[in-house]
Amino acid sequence: MSKNLFFSFLFHALIIYLTALTLPFMLREPIDLPPIVSVEFIEIKDKTYIPFAPKAREIIEKVKEEKNRVVSEQAPPSAKAKEKPDRIPLPDDQKEKKQLIKKKQNPEEIKPQIRQSSEFEKKELFDTNEIAALIDKAKEEQANTMKKSDKLTQSNVKNSFAQALSLSEEDALRAQIFGCWSVPLGLPYDKNLLVRIKLQLKPDGTILKSEILDHARMNTPGQSFYKILAESALRAVRICQPLKVPPTGYERWKNLQLNFDPTEMLKG
Amino acid sequence: MKKIILIFLMIAINLNNANALIKVDITRGNLDPLPIAISPLHVDKNSQKSDLFDTNKLGEEISKIIEQNARSTGLFNPLNKDAFVQKPDIAHLKPRFEDWRLIKAQALVTGKLLIKDDKLKVEFRLWDLTAAKEMQALSFTTTPSNWRRVAHIISDKIYERLTGEGGYFDTRIIFVSETGPKEQRVKKLALMDQDGHNIKYLTLGNELVLTPRFNPTNQLVTYMSYFRNMPRVYLLDIETGIQEIVGNFPGMTFAPRFSPDGKKIIMSFAKDGNSDIYSMDLNTRVVEQITKHPSIDTSPSFSPDGKFIAFNSDRSGLQQIYVMRSDGTGVKRITHGKGLYGTPVWSPRGDLIAFTKVRKGRFYIGVMRSDGSGERLLTENFYQEAPSWSPNGRVLIFYRETKADKTGKGFSAKLWSIDITGYNERRVKTETDASDPSWSSLLSK
């Protein structure tokens, strides 16, 4: 009997002891765990550029060798014509310049006719440029024929399965255009402000052709804001040239559509 | 057969791949001011001389006004003229776009003027330099004395073409000009161009004047004046100078404002410590009581469509802003924040209401949506109030006072403007101290 009592006391004491030990833990406030950060694994790039690196190096070395051959140590470097900074000399530019010089010689030829308007009345001046613009406002801007001078771009690599740009490529392009786009601030943000521009690009990222897809809206009455918005988007693309496109996969991105929509920004 | 179907399927997949167009969404842009080159206007050699100005320098003067207007918006960055390569006359015919692009300009303004037979003819062109094309070309003919207005009208056209909203440069501001020590202020009604030029005084300063407001055609002004120590609402015709008392109220009337159609004046009438909002039809002179509440209801302002009225009232204990239908029904409190709210003014665009807020002894000018949501405080100071909208609803003009010391020195009242982003705050220069500004609508519509 006393043995049983002894064991009963012992086990009860043990239970009380264990309870006393564990109760403070229960009284303590739960540990403030930081919220779970969900990490999404995104494939940044399907293919690295490494396979092209040896080939690129070969070409760079070739170019270096050629340079060394032309400029010998004995002969002083010949004076080169000064080039304008910030500009990449394109074959098209030189042609444009020649044309402009021709025009300059005969300024009377393009002197526009300005009609007299009445007291404080404003009148649109007659201008051939304006008419041309009305007929075809920024619809197409065809550059001269493309020259495949850039061998480094691997334009012949076709990758029919990876159609979209990778996230990093898209972000680079987007960030570049963000910087170039001066958004007209007076636009009515409760209207549809989507401007879709289809671009045809050269391998170096310069624009071969740009086209506003909803072109009909440009001259729709009551939608004058759309023209201003579309023009600003076109300006952004032109200022940004050459666009930051991936060095490879020209076939993938030679046709590119940019959807400009400042609604969120203007609502801000 | 299966093979043929398979081949067709393969071709279809290939075609689909070939046509898939990469699309990139651009939802943000920069808010940096647009770099613009404003070339001096070319003065025609056959121009007559004028007593009003040096004809040879007029082209440069006009371009300077356009430049100042453009800069004051905070949306444009007019480039330094020293960097301009092309002469004004040649640039006006056909600019060398690549030269202008070199100085990082995105737009170019060129122009030409001629004074002949006492008429000033000004033409201007706006060029898009990146697209290498003309965006706009207009010509104006007027009397030579109007040359500053021509510069403002050109500024409006450029602003409109590049931002997509109306301009606000060819406008005037009516305000109360203040001179003398704080206790003995002489207050006159004054009128000036929005850039502070062409100032005109409309009253002599014998009576105290407050809160002038334009009617929609900018011909009439309603304001409050103390005559024989009784504050009353008056009406003044700017052209003829004729003044009259508005309505036959047996007491004090104040805080007047025109309805958007200009046919009514809405104001407060105070009697026995209670003030309510009344309107008066200017044609029939019929007076109508709009609010009926034993509290102080004042500062009424119509919505641009004339259907609603915003006002402030202390019916909840503290001064707050309320909105009601124009017949006085459907009163709804729209401000619930801490502090006092007053002087609500409905934006000409209808989307926002500007107000003055007082909290912990500081004064704020802010804007909110017409339902009271989206409150944004634009500027904070020791004392400032009475915001008034520019006609395009982008800029607010208000006045700000500085604190006087014990001897009464250091006190001043100046006009300031701020745009609704809150980033572009500027002093509006006036000859004297100034308060209670009110912006006109566009003079040339």
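Trainee: Is B:Ala132 buried, partly exposed or exposed?

Mentor: Happy to start there, with a note on the model first. This is a predicted model, in which local features need pLDDT of at least 70, side-chain atom pairs count only at pLDDT 80 or more, and totals for chains, interfaces and linings use all residues. Residues are numbered from 1 along each chain as its sequence is written, while chains are lettered from A and ligands numbered from 1 in the order in which they are written. A residue is buried if 20 or more other C-beta atoms, placed from the backbone, lie within 10 Å of its own, exposed if 12 or fewer, and partly exposed in between; because B:Ala132 has 18 C-beta neighbours inside 10 Å, the class is partly exposed.

Trainee: Where is B:Ala132 found?

Mentor: B:Ala132 is not a glycine, yet has a positive phi of about 55°. Most residues other than glycine have a negative phi. Strands here are DSSP runs (E, at least two residues) and helices are runs of H or I with at least four, numbered from the N terminus. B:Ala132 sits in the loop between strand 6 (119-128) and strand 7 (133-142) of chain B.

Trainee: Is B:Ser299 buried or exposed?

Mentor: B:Ser299 belongs to strand 19 (residues 297-302) of chain B, and its phi, near 50°, is positive too. There are 25 other C-beta atoms within 10 Å, so B:Ser299 is buried.

Trainee: What is the bridge partner of B:Met224 in strand 13 of chain B?

Mentor: Strand 12 (residues 220-227) and strand 13 (residues 230-237) of chain B run antiparallel and are joined by eight bridges. In strand 13, the partner of B:Met224 is B:Val233.

Trainee: How many residues does domain 2 of chain B give to the contact with domain 1?

Mentor: The domain assignment, automatic or from a database, gives domain 1 (34-163) and domain 2 (172-439) in chain B. Residues are in contact if their C-beta atoms, placed from the backbone, lie within 7 Å. Domain 1 of chain B supplies five residues, and domain 2 of chain B supplies eight.

Note on methods. Contact = placed C-beta atoms within 7 Å. Pairing = 2+ DSSP bridges.
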